[in-house]
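Morning, everyone. I have one structure to show you today. Let me put it on the screen.

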Amino acid sequence: MEAISLIDTHAHLDELNNLSKILKEAKEAGVRGIIAVGSNVESNKKILEISIGNPAYVYPAIGYHPWNIKDEEVEENLSFIQSHVNDCVALGEIGLDYKIKVKKELQQRVFEELLNIAYRFDKAIIVHCRYSHRQTLKRIMDKKIRRAVFHWYSGPLDLLDEILAEGYFISATPALTYSPPHREAIQRTPLERILLETDSPVSYQGVESSPKDVRITLEQVGILKRLDLSIVSKQTIANASHFFQIPFIIS
């Protein structure tokens, strides 16, 4: 296998078992950095601990996933993020999901508060949106957020054009092997606006993923763009470095 460097820009490391083995496998596969995303207070605490134990390799993003929002826990979660915003490279995973049972009004209120924090501290945001793409983009634009990545984008292509026109990014996942909407979005997006990720430990066609599988994402982007893997690697690492403002160490 060709030696290629990679950055996994979205992994739920707190949900992975045998993490030391998984990180070792990722390094052996050429993964030179991982953005570990949080989803609530407990998740965020674990992410911060993991990043401290793996300096200059695991970088924390703390967030409040719409799936995890509970009215009685909102204050605690927002307070934790506010208190630790300077310890992370981004806020994420955050956003709106109108397919779940969490009330839309509650999701919108939490998202609004998180966007306020992101704007105040000039943090990049990692965005989850499902059945809410236009509403999510409008809120991000209204708050004048400078750096946003629409995670695993599979939404409308006309809206994708608006996302790109605002200077935002989308991320590619191993779902490129089978998802036509995701493939269409990546085909339409310039390589300069794409980040690679795994969303570990999400299962793709029954197989649980880990950060080393960002190689699959890279290969699929290469196929769709008809580009050599080294070109995709170099550009997407530059994208990640710019987006997260991290000087990734690539040997």
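One point before that. This is a predicted model.

So, the sheet. Strands of a sheet pair through backbone hydrogen bonds, either parallel or antiparallel. Which is it here, parallel or antiparallel? The pairing is parallel. Eight strands form an open sheet. Read the order across it: E1-E2-E3-E4-E5-E6-E7-E8. Where are the edges? They are strand E1, residues 6-11, and strand E8, residues 194-196. Each of those two pairs on one side only. On average, neighbouring strands are turned by 30° against each other, with direction ignored.

Now let's walk along some of the pairings. E1 runs parallel to strand E2, residues 31-37, and four bridges join them.

Next, strand E4, residues 90-97. On one side is strand E3, residues 58-62. E3 and E4 pair in the parallel sense over two bridges. Ala61 has Ala90 in E4 as its bridge partner.

Then there is strand E5, residues 124-130. How many bridges join E4 to E5? Six, and these strands run parallel too. Two places to look. Ile94 stands opposite Val127 in E5. Asp97 has Arg130 in E5 as its bridge partner.

How covered are these two strands? In E4, eight of its eight residues are buried. In E5, six of its seven residues are buried. Both strands are mostly covered.

What lies across this part of the sheet? Helix H5, residues 133-142, lies across E4, E5 and strand E6, residues 148-150. H5 runs at about 155° to E5.

On to helix pairs. Two packed helices are described by the angle between their axes and the distance between the axes. I'll show two pairs.

Pair one is helix H3, residues 74-84, with helix H4, residues 104-121. Their axes come within 11 Å and cross at roughly 10°. That angle makes H3 roughly parallel to H4; the cut-off is under 35 degrees. H3 passes H4 in a right-handed crossing.

Which residues make the contact? From H3, they are Val74, Leu78, Ile81 and Gln82. From H4, they are Leu106, Arg109, Val110, Glu113, Leu114, Ile117, Arg120 and Phe121. By class, that contact of H3 with H4 has eight nonpolar, one polar and three charged residues.

Pair two is helix H7, residues 180-188, with helix H8, residues 214-225. They pack at an angle of about 65°, and their axes are 10 Å apart. The crossing of H7 and H8 is right-handed. On the H7 side, we have Arg183, Ile186 and Gln187. They meet Gln220, Val221, Leu224 and Lys225 in H8. By class, this contact has three nonpolar, two polar and two charged residues.

First up is Ser51. Find it in helix H2, residues 41-53. Ser51 has a relative accessible area of 10%. Buried means under 20%, so Ser51 counts as buried. What does Ser51 touch? Val58 and Pro60, not counting residues up to four places away in sequence.

Next is Ser132. It lies in the loop between E5 and H5. Is Ser132 buried or exposed? Its relative accessibility is 0%, so Ser132 counts as buried. Beyond four places in sequence, Ser132 touches Leu96, Asp97 and Tyr98.

Finally, Tyr178. This one sits in the loop between strand E7, residues 169-172, and H7. Tyr178 has 32% relative accessibility, so it counts as partly exposed. Tyr178 touches Trp152, Tyr204 and Gln205, again not counting residues up to four places away in sequence. Tyr178 and Leu195 are 17 residues apart along the chain, and their C-alpha atoms are separated by 18 Å.

To recap: an open, parallel sheet of eight strands, a roughly parallel helix pair in H3 and H4, and a right-handed crossing of H7 and H8. Over to you for questions.

Methods
Residues numbered from 1 in each chain as written. Predicted model: local features only at pLDDT ≥ 70, side-chain atom pairs only at ≥ 80, totals over all residues. Heavy atoms only, no water. Axes fitted to C-alpha atoms, helices over the stretch in contact; angles between N-to-C directions. Parallel < 35°, antiparallel > 145°, perpendicular 65-115°, else oblique. Left-handed = near helix turned anticlockwise from the far one by under 90°. Contact = heavy atoms within 4.5 Å. Nonpolar A, V, L, I, M, F, W, Y, C, P; charged D, E, K, R; others polar. Buried < 20%, exposed > 50% of the residue type's maximum accessible area, 1.4 Å probe, protein only. Pairing = 2+ DSSP bridges.
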